[in-house]
Every structure is written in structure tokens, then in C-alpha cells.
Amino acid sequence: MGTEPILAYTKRQKYVAVVDAFTASCDASGGFVFSSGNADMSFSKGPTGTTEVNWKLHCKDWPERPGSPKRVSILVQVEETVHNENYELLRSTVRVNYLSSSDGNLVLRQAVHLDFDPKPKRDHSIFHAQISDESINLEEHEVQNLSTEPLVVVENHPCLQTARIPTCDMSFVSVLLCLVADHIGEDSFTDFYTKAKQLQKEMPLPQIEALQKSLAQDADNVRSSHWFAHQFAQS
């Protein structure tokens, strides 16, 4: 039986379930979430036997920190490649833009992207984060779906984008969980944490054998050297 042109609908619905759970947990505390995606429009045919995921969210007027009167808007873009048959996560980049209002525009204050690549370039950690000044590009229809008002990103001062910070698995669900912890917290975080633990079991998993073996051999620490084990693994 041949490989499906894109990921099966039941698998695509796993991403929908994540966004629905995230939205429900946050809305209960006034942390409104707008989504540009669904089980059809956010998925496209990738290289042979794979599916490309591209989903964008707008966390509008969230507290800068739990309980803070100061507000920040957060744009999230997930780009992932998933194998159609074995449901393996082949690549993940999640971009996060932090924005604030200024003179009627949303101004980019900080940007970060979080990467997973099972075969990264030499001297790159398998999971890492980078601070940047890269704004998330929005199509006209996405602006309408993501916000009830025009959303204009004004470029900030240039940012030196060199440091890669090794991280744990910061693919889609992990990033959303951290956003709830950082900005809303309390009951909403507890609610989404409980849901996320179950949802993560049904999402595509990255293949990280070298990292797992390295951690198993030296389980008393989680130093960053483990995140480069793929480069030095014996064949």
C-alpha cells in the first residue's frame, strides 16, 4: 500500500486537539487565542512520504507575567515535518514573537526560535533556541484570522543571532506549555499541563537515540555536551 500524499486526517487532528486544549485553558483566564490553522489548511505535501505543518497562533493582550497589568501580544508559528507512515517528527522550528502596542502598531520587542533537527549542521546542538529579531510573516487572510484589528509588525533594532542555547524538546506542545506558565500560570497552567502530558503522547516524536544513549551513560547530569552526542556517536 502506497504512502498517503499527506498525513492521515486522524493524525492531523492531533494538532487540532493541542490548539483546542491550549485555547480552552487560556480563555478561561482571559488569555485569548486566535488561530490561523485547521486540519486542512495547515498541512501540505512535503518531500517524499512527508507532510509539512505550518500553523500560526496569536495570544492577544496576555499578561507579561502571571497577574501583571502590563500586556504583551505573542505570535507563534510552528513549522514541522512529519513522516506520513511512521509518524516520526523529522524537523521542528517554532518561532515566537513578543509584541507591544505603540502608536497604533504592534512593535516587535523580542523574537526567539526553537529548533529540532535530527541531522543538524556540524557543531549545532540537536535541540536549541536562538534569540533573534526575525518577525513572523503574515498573509492578509492570516491577519484577519489571527486578530480582530490590523496587526502590523514594526522591525526592532538588529539583534546579533549567533548564540544557540541547548534546550529540551521544544516542539509545538512544549512551547505552548511554557507560554502558559510564563504568562498566565495558576489554574490555567495546571489545566493545560494535565492535558499536555496526555497530548504529547499522541504527537509525532523526534528520533534522538544518540542523546538518549548519552544521558543514560551519565545520568547524574544534563550538561549541554549531551546535546552534541549525535556528532560524536560511533557508527
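**Salt bridges and cysteines in a predicted model**

Arg91 counts as partly exposed, with a relative accessibility of 28%, and in this predicted model the residue forms a salt bridge with Glu52 in which the closest N and O atoms are 3.3 Å apart. The structure holds 6 salt bridges, whereas the count of disulfides comes to 0.

Salt bridges between strands

- Arg95 pairs with Glu79 in a salt bridge whose closest N and O atoms are 2.4 Å apart, and because Arg95 lies in strand 5 and Glu79 in strand 4 (residues 71-83), the pair ties together parts that are 16 residues apart in sequence.
- Arg95 counts as partly exposed, at 24% relative accessibility.

Salt bridge within a helix

- Asp191 forms a salt bridge with Lys195, with 2.9 Å between the closest N and O atoms, and the two residues, 4 residues apart in helix 4 (residues 186-201), are separated by about one helical turn.
- Asp191 is partly exposed at 32% relative accessibility, and Lys195 is partly exposed with a relative accessible area of 26%.

Cysteines

- The sulfur of Cys26 has its closest cysteine sulfur in Cys59, at 6.5 Å, which is too far for a bond, because a disulfide requires the sulfur atoms to be within 2.5 Å.
- Cys178 is likewise in no disulfide, the nearest cysteine sulfur, that of Cys168, being 6.5 Å away.
- Cys26 is buried, with a relative accessible area of 0%, whereas Cys178 counts as partly exposed at 34% relative accessibility.

Notes
Residues numbered from 1 in each chain as written. Predicted model: local features only at pLDDT ≥ 70, side-chain atom pairs only at ≥ 80, totals over all residues. Heavy atoms only, no water. Buried < 20%, exposed > 50% of the residue type's maximum accessible area, 1.4 Å probe, protein only. Salt bridge = Lys/Arg side-chain N within 4 Å of Asp/Glu carboxyl O.
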